[in-house]
Amino acid sequence: TGYTQMNLMQKVLFSPNETWNFQYGFHYSATSSFSRYDRHIRYRNGLPRYGEWDYGPQIWMMNHLRINHNGQNALYDQMLLNAAFQNFQESRLDRNIHDPERHIREEEVDAFSLNLDFVKSVGARNKFFYGLEGVWNDVTSIGIDEDISTGTSAVGPARYPQATWSSYAAYVNYLMHLNDKMALQGGLRYNVYDLDATFDTTFYPFPYTTADINNGAITGSLGLIINPSDDWTVSANLSTGFRSPNVDDAGKVFDSEPGAVLIPNPDLEAEYAYNAEVGVAKIFGKNVKVDLTGYYTVLENALVRRDFTLNGLDSIFYDGELSRVQAIQNAAVANVYGLQAGLEIKLPSGFGLLSDFNYQVGEEELDDGTTSPSRHAAPFFGMTRLSYTEEKISLMLYAQYSGEKEFEDLPQEEQGKTEIYAIDENGDPFSPGWFTLNFKAMVQIDKKFSITAGVENITDRRYRPYSSGIVAPGRNLVIALKASF
């Protein structure tokens, strides 16, 4: 799983006067090729299934222009324009064990985005935030099948259709201070999404050649913050959300798990979310702060992976194996709810204690009307940190931890992925709980130089984060030197 990565960044700032500010940023990141770990631990007929399964170099480049103007005019007090062009390149390479045919799938995405945001104050207690957004993506995907014994190659099936995806939105938010102890904030956003995709039926007998998904919706939020006193804060928020299917949802061909193949579904509809959240924070004395937030989300038309058919068949041969046909589909409803809690204590002599804890439950409706846990709702997790700070030294000893998911609590779509989970006494996959102990220190040598060092996962504990295809790092040493001029 070893790889190398290079990151480059350059920013330029120009301020012709006190009201205008221009910033240009260039970002570039590139990795080497690297193996896909969870594919290399798949077996078939007692042998590793794959002789090769690698990601090719992943390259990301962005040019970003940011213009800020403090106008103090009738339309706005502040204007912010963000324009960006991004280019993404990635590829996948796989070959079955003892098979000379290597499959190469290459993708490239050009992404253009433009955001125009305004802020305007009206009186001392009212503030408006409004703006426009436009995003346009062009997706190119090609497939190459190469015979490693002869060196010859031919056109193969692509992972994605050739597609364009665009999003256009307008929004307005309003913040009103009702009095010194209460603030009300509300907002509306209208978003339009458009996906145009063309499928190649040369290799897969899809009963469709194009997909045209166009969705639009108004979403909104309304929140109230109350500060009964300097040491109390109570908040409540209602909001709605909307997501239209993208190219990955509606168009990819992918072996999602052993014995199953995911195929495109051009008939997907948008999913809608309805959210409610209540939070409270309390400061006790001068040294203790406690906060607690509860939330509940209802997701209609949730996009989930389910069994499907292709030309009336529930199974097809994919990559030389008879595989169950699946597709991303709209489930009837999904629910997610949970709690987030925090504790912060200022201890004597520069010591401090901080702890965050998250608990969430998710469930989605299946085709037969029963429910299954949602894959995107992780078991409980958190972090507890003991720190010490003095003038030039900062020390931190902290633990990160996560709970267990037994086989019965795994989502239906995860119960067949035996290679990425531990196996219980009944031979079923499950996700064990885990924790790591970590230490970091920072020393400020002088005004210009500082050094940071740390040891992560001190006990070298072997664990795998929930639903991850790769085991987390073992004991890890980090050291960094920072110089400011």
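Begin by selecting β10 and β11, which form a hairpin with five residues between them; strands here are DSSP runs (E, at least two residues), as helices are (H or I, at least four), numbered from the N terminus. Within the turn, G151 has a positive phi of about 80°. This is a predicted model, in which local features need pLDDT of at least 70 and side-chain atom pairs count only at pLDDT 80 or more, while totals for chains, interfaces and linings use all residues. Residues are numbered from 1 along each chain as its sequence is written, and side-chain values use heavy atoms, with hydrogens and water left out.

Next, display residues 126–147 (β10) together with residues 153–156 (β11): the two strands pair in the antiparallel sense over four bridges, pairing being counted if DSSP finds at least two bridges between strands. Select D145 to find A154 of β11 opposite.

Most residues other than glycine have a negative phi. The phi of S349, however, is positive, near 60°. S349 is exposed, because its relative accessible area is 62% (exposed means over 50%, buried under 20%, partly exposed in between, with a 1.4 Å probe and protein chains only).

Select D460 in the loop between β31 (449–456) and β32 (476–483); with 41% relative accessibility, D460 counts as partly exposed.

Finally, select E425, located in the loop between β28 (422–423) and β29 (429–430). E425 counts as exposed, because its relative accessibility is 73%.
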